[in-house]
Amino acid sequence: MSALSVSATFAAAEFQTPSIEYSKLMPMLIVFGVALVGVLIEAFMGRTGRHQVQLILSIAGLVAAFVSVTMLAGDNQIAAVGAVAVDGPALFLQGTILLLAIPGVLTMAERSLDRGGVFTSAGSSTPGSEHERVLTATGVTQTEVFPLTMFAVGGMLLFPAANDLLTMFVALEVLSLPLYLLCGLARRRRLLSQEASLKYFLLGAFSSAFFLYGIALLYGYSGTVRLSGIAEAVSSNSGSDTLLMTGTALLAVGLLFKVGAAPFHSWTPDVYQGAPTPITGFMAACTKVAAFGALLRVLYVGLGGLAWQWEPVMWGVAILTMVVGSVVALTQTDVKRMLAYSSIAHAGFILTGLVATDTVDPDTGAVLGVSSVLFYLLAYGFITIGAFAVVTLVRDAGGEATHLSQWAGLARRSPLVAAVFTLFLAAFAGIPLTSGFTGKFAVFSAAIAGDAAPLVVIGVVMSAVAAFFYFRVVVLMFFNAPAPDGPAVAVPSPLTTVAITLSVAVTVLLGVWPTQVLDLADRASQFVR
Amino acid sequence: MNPMNYVYLSALLFSIGAAGVLLRRNAIVVFMCVELMLNATNLAFVAFARMQGNLDGQVIAFFVMVVAAAEVVIGLAIIVTIFRTRRSASVDSANLLKY
Amino acid sequence: MPTILAAETTQAADATGVFALSWLLIALPLLGAAVLLLGGRRTDKFGHLLGTAMPFAAFVIGVVQFVAMLGRDPENRTFSQHLYTWLPVGSFQVDAGLLVDQLSMCFVLLITGVGTLIHIYSIGYMEHDPDRRRFFGYLNLFIAAMLLLVLADSYLLLYVGWEGVGLASYLLIGFWSYVPEYAAAAKKAFVANRVGDFGLSIAIMIMFAQFGSVSFDGVFAGADGASEGALTAIGLMLLLAACGKSAQFPLQSWLGDAMAGPTPVSALIHAATMVTAGVYLIVRSAPVFNGAPDAQLVVVIVGAITLIFGAIVGTAKDDIKKALAASTMSQIGYMMLAAGLGPIGYAFAIFHLLTHGFFKAGMFLGAGSVMHGMNNQVEMRRFGGISSVMKITWITFGLGWLAIIGVPPFSGFWSKDKIIEAAFVGEGWRPWVFGGAALIGAGVTAFYMTRLFLMTFHGERRWTDDVHPHESPKIMTIPLMVLAIGSAALGLILGPTNALVHWLEPVTGAHGEEAPVLSVPVLTGLTLLLIAVGVAWAYSLYVRQPVPEVAPAGSVLTRAARRDLYQDAVNESLLMRPGQYLTRFLVWFDNRVVDGAVNGLAALLGGTSGRFRRLQTGFVRSYALSMFLGAALLVGAMLLVRL
């Protein structure tokens with residue numbers, strides 16, 4: 001697992017079995033195990049019933065992994081010979097990812113909205129070909145998405161827990177590769193879906209090359225890829241500054257790409273729009289959580305001593321991200337694309353909390369930069385999953401009706417769906433009594449405590465700008481007349497209903513009564529070093 | 001020979017790879033350029049391992065190769081599928097999603 | 001300098017006894033809204049009754065609390081109820097709590113009392129609407145949010161209520177949203193309110209940054225030692241919020257259009273309660289404004305401009321509801337002016353707010369009653385001579401009319417006269433300018449309200465052929481009568497005795513007696529003289545001469561007033577155009593036009609939504625290039641900061 005363990009054994013000239021604390025890695029082991037079992041099921045089980053088995057297995061795996069995360073709660077140590085940190089932020093984020101993955105998987109498994117589900121019968125069949133028609137006629141569903149999703153979830157669990165850069169790189173790839181594929185598997189609008197997949201893949205590979213080169217340079221600087229080792233090298237100021245600075249910047253490129261921060265955001269709108277909507281929701285929520293976790297760990301644990309240098313740069317990135325996300329979203333005409341830009345804007349808001357750095361709250365001992373980001377990610381994740389799940393419900397003959405003009409007067413057709421979507425939009429906009437408000441409040445107060453008041457001012461202004469495009473949709477749904485040939489709101493199976501209900505519940509709960517979760521985030525805000 | 005030269009070489013290869021990604025149209029070639037960037041990184045790892053006097057860098061290079069191989073599998077699958085649909089491997093022809 | 005005995009000196013007691021029930025004030029109507037909106041068609045049968053019972057129950061609680069409060073010493077009438085810890089972010093903590101004191105008590109009684117009457121009236125008014133239940137659900141939601149707004153003990157919780165009343169008001173303005181202009185009106189209200197809400201959120205941010213607290217206690221305690229600059233900034237932002245919510249200059253344009261909603265909504269939200277939230281905000285923030293004379297001056301200026309502006313617009317409107325809306329704007333201008341005067345004016349602002357709540361709600365409901373009998377006609381040129389067929393409406397409206405123009409001894413006389421007197425207190429140019437504006441406003445008010453009254457109820461009948469006016473049913477006229485009694489008597493009860501001023505003193509602070517620059521009898525005489533002139537002039541124009549059924553071209557001023565003094569044009573050039581250019585600037589080329597409904601909304605953004613976002617070319621290589629450049633930039637920046 002770790003390069004260090006290997007070099008250590010070479011030095012000792014005698015092979016010693018590295019100690020792996022399996023119990024500490026249980027959440028990841030469960031998820032990866034389920035993914036592997038899923039692959040075996042794909043290989044050996046007949047088609048009938050495969051869908052149910054895969055669904056039950058995945059959900060059971062996610063729940064079991066979540067339970068094992070809660071059992072690890074309070075742990076603060078480094079496992080697997082230095083490769084994996086089991087500490088507050090890692091466990092909090094792992095729990096968040098697992099919780100988000102559950103509604104994510106539920107929406108993916110939805111089959112009553114579209115005959116055969118949201119995924120193509122066979123990714124390899126050419127769109128418009130005879131082969132595809134035959135497969136569609138048989139109503140076959142592809143179930144590979146479940147193991148793929150579980151692999152991605154596994155990578156996401158490892159990503160924020162990775163304590164050395166090599167593990168982090170491997171985790172990055174493990175979470176990314178399945179996602180590239182999942183993006184291309186839509187049943188409808190397959191050209192868009194495949195294009196999204198191609199773009200995501202090429203740009204993702206491009207960014208991970210930067211990430212990797214950053215690792216190489218930091219390795220060249222410090223002689224290790226362990227975050228604590230890099231931190232030591234930084235504090236003792238040995239080695240070449242150029243390597244350090246360039247390495248840090250390139251490493252940041254890879255992470256900022258994953259969180260969708262400007263100027264590395266350009267993939268987000270295209271991929272979010274083209275990917276199958278349940279995948280978009282899953283990706284938008286979980287990837288962001290995992291990537292911000294990794295970014296926090298790298299910047300706080302590995303490069304904490306360099307905060308003076310990266311802070312101004314992160315300021316710039318945060319401002320640019322908020323502005324680009326909010327302003328460009330103003331003129332979007334596609335719901336999914338608008339939500340993509342909104343997710344960019346939110347990455348900017350989260351970065352505001354992140355630059356609060358090591359400001360420790362004197363009363364609770366919480367690291368504000370960490371705890372506020374942790375809370376925001378949880379809140380944002382559920383809003384996102386819920387919002388994209390609602391998008392899957394508004395359909396016309398051609399599948400999902402994502403053009404905004406088709407949403408006009410939706411409240412007349414289905415007041416409930418319109419009201420639920422309004423709740424999510426209000427939460428995105430940060431209206432009080434929703435989780436979005438609490439999250440914004442947390443990151444902005446962290447930023448103020450961290451002497452980043454100007455950033456907060458920009459954040460508030462951009463929130464106001466963003467509110468306009470969120471409420472534009474609300475106005476559209478409630479105050480405009482529906483088009484005569486407009487889309488209908490499909491009645492989903494309990495799967496999607498449960499996912500949306502869960503998201504609504506969390507969004508309201510974290511807005512009205514966030515105390516417990518804020519406390520939990522406070523307590524989970526200490527990185528093990 | 002100064003091992004730093006290998007680092008410079010790796011930077012050069014990395015830049016060539018990046019330039020290829022930006023300039024070439026064929027998806028396969030673009031992808032190969034990404035692979036070039038990864039291999040440039042491997043060279044840097046190995047060179048740094050030599051300079052730092054430990055083996056970490058060399059071990060990492062193996063990891064990178066494995067990851068790159070996995071990436072090839074995924075990448076080729078995606079590129080081939082889209083090629084079959086569009087009858088073109090040009091990355092510029094995939095241009096429906098924009099603005 | 002008058003001695004300020006501000007709120008922070010009185011200690012809030014923990015709510016016990018009947019005050020421990022304060023949360024019920026909000027919870028009851030909220031429960032009503034939940035049942036009606038979530039219950040769906042099942043609740044159609046009893047929806048309106050439940051919807052009326054909830055605010056009434058809240059009213060009963062309010063009255064009991066009021067009586068209990070009367071039985072205590074003036075210093076011990078403040079109660080706080082801690083609900084729970086809402087946002088514990090680090091050491092910074094926001095509690096959700098309620099504050100019941102003399103000021104919020106006034107509002108509780110107004111909101112629940114007038115609210116209940118309007119609910120009763122709506123039972124009749126909305127009888128034939130298939131969505132009556134939903135309407136009551138929204139009304140209850142509004143009542144709950146408005147009560148939260150006035151009972152909140154922190155700015156943050158107040159903001160929740162602030163957004164809540166906004167939400168309810170869009171839902172209600174757009175209640176008949178199948179008519180496009182109604183939807184457009186809801187949108188307009190939405191935008192103006194967003195600008196205002198933005199002000200409030202900035203104000204809260206500054207408070208948080210300055211004082212580390214957003215509760216009233218914390219902010220007011222901090223305001224004592226804070227710099228004038230910070231207080232001025234907070235004050236101006238609060239004023240911006242108040243302008244949006246209370247339709248004050250320059251954010252006034254939405255109120256007239258908001259009349260598109262059902263008339264009970266106009267009475268409740270756009271006359272009696274929600275639009276006065278801005279006044280509440282400023283009076284509540286007295287300690288902030290007391291320390292920021294510049295902000296106070298701006299408040300007074302805004303109030304003065306709006307009161308004149310609204311009055312002039314009111315003179316030319318032929319739509320009865322829009323004329324009343326202009327009048328509301330103008331009357332709230334009076335309240336703002338009073339609130340901006342500082343401790344001397346706070347109580348009078350609230351006094352006028354209360355009397356206005358009664359007579360304006362009464363008149364709106366009266367207008368609704370007229371419309372009810374006239375096939376929803378709103379054009380006053382098609383009214384005339386209704387007094388003979390709708391006696392109760394005529395008499396109750398008449399009492400409201402006498403009250404608003406300030407004829408003694410009706411309510412408006414007491415409250416408005418006090419504001420005019422207070423405006424004339426001071427030194428230098430201010431009393432003359434602001435007092436003069438208030439004085440002239442009183443004359444113009446008399447003119448346009450008389451015009452409205454006479455054109456509607458007197459003169460010859462100019463009805464269209466298909467109407468057969470009839471008096472409204474009892475369920476509508478009884479609320480009218482109650483409100484009319486209030487319009488007539490409230491001022492007499494509270495005015496001569498100064499009861500309200502003493503009641504509010506612990507909250508707003510006391511002030512010494514100061515004489516206006518002109519003696520009080522002279523001022524009262526002048527006011528009455530101007531009122532008489534206004535009434536007489538209107539009489540000579542609209543009763544002595546026949547009223548043409550088509551509006552004459554009129555003078556330049558009339559035409560301008562008819563078009564709301566060109567406020568839409570001004571708005572467009574000041575607010576929308578720069579926005580358009582900004583958007584265009586962000587756009588690289590433009591050749592894309594988006595169709596249909598999106599274009600309709602695009603008005604919100606200045607009509608240029610269709611052209612933009614050209615950086616996102618869709619070419620993967622250009623994305624890679626932007627990433628590459630971004631990476632180069634990041635590396636450069638990192639290397640640069642090291643230097």
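Which backbone oxygen lies 2.5 Å from a polar atom of the side chain of Thr352(A)? It is the backbone oxygen of Phe349(A). The model is predicted.

## Thr352 of chain A

Thr352(A) sits in helix H14 of chain A, which spans residues 335–354. Its relative accessibility is 0%, so Thr352(A) counts as buried.

Neighbours within four places in sequence are set aside here. Beyond them, Thr352(A) is in contact with Ala318(A), Met322(A), Phe444(A), Ala447(A) and Leu455(A).

## Extent of the interface between chains C and A

Chain C puts 60 residues in contact with 78 residues of chain A. About 5900 Å² is buried between the two chains. Carbon and sulfur atoms give 79% of that area. In chain C, the residues that lose the most area to chain A are Met627(C), Leu634(C) and Met638(C). Together they account for 12% of what that side buries.

## Polar and charged pairs

Polar contacts do occur: the count is five residue pairs, both residues at pLDDT 80 or more.

## What chain C supplies

Several elements of chain C each supply at least two residues of the side that touches chain A. They are strands S2 (79–89) and S3 (92–100), plus helices H5 (155–173), H6 (180–211), H23 (567–586), H24 (596–602) and H25 (620–642). H25(C) gives the most, with 15 residues.

By class, the side of chain C that touches chain A has 42 nonpolar residues. Twelve residues there are polar and six are charged.

How values were computed. Residues are numbered from 1 along each chain as its sequence is written. Chains are lettered from A and ligands numbered from 1 in the order in which they are written. This is a predicted model: local features need pLDDT of at least 70, side-chain atom pairs count only at pLDDT 80 or more; totals for chains, interfaces and linings use all residues. Side-chain values use heavy atoms; hydrogens and water are left out. Contact means heavy atoms within 4.5 Å. Buried area is the accessible area (1.4 Å probe) that two parts lose on being put together, summed over both. A polar contact is a pair of N or O atoms within 3.5 Å; within protein, one must be able to donate a hydrogen and the other to accept it, and residues adjacent in sequence count only if both atoms are side-chain atoms. Helices (H or I, at least four residues) and strands (E, at least two) are DSSP runs, numbered from the N terminus. Ala, Val, Leu, Ile, Met, Phe, Trp, Tyr, Cys and Pro count as nonpolar, Asp, Glu, Lys and Arg as charged, and the others, Gly among them, as polar. Buried means under 20% relative accessible area, exposed over 50%, partly exposed in between (1.4 Å probe, protein chains only).
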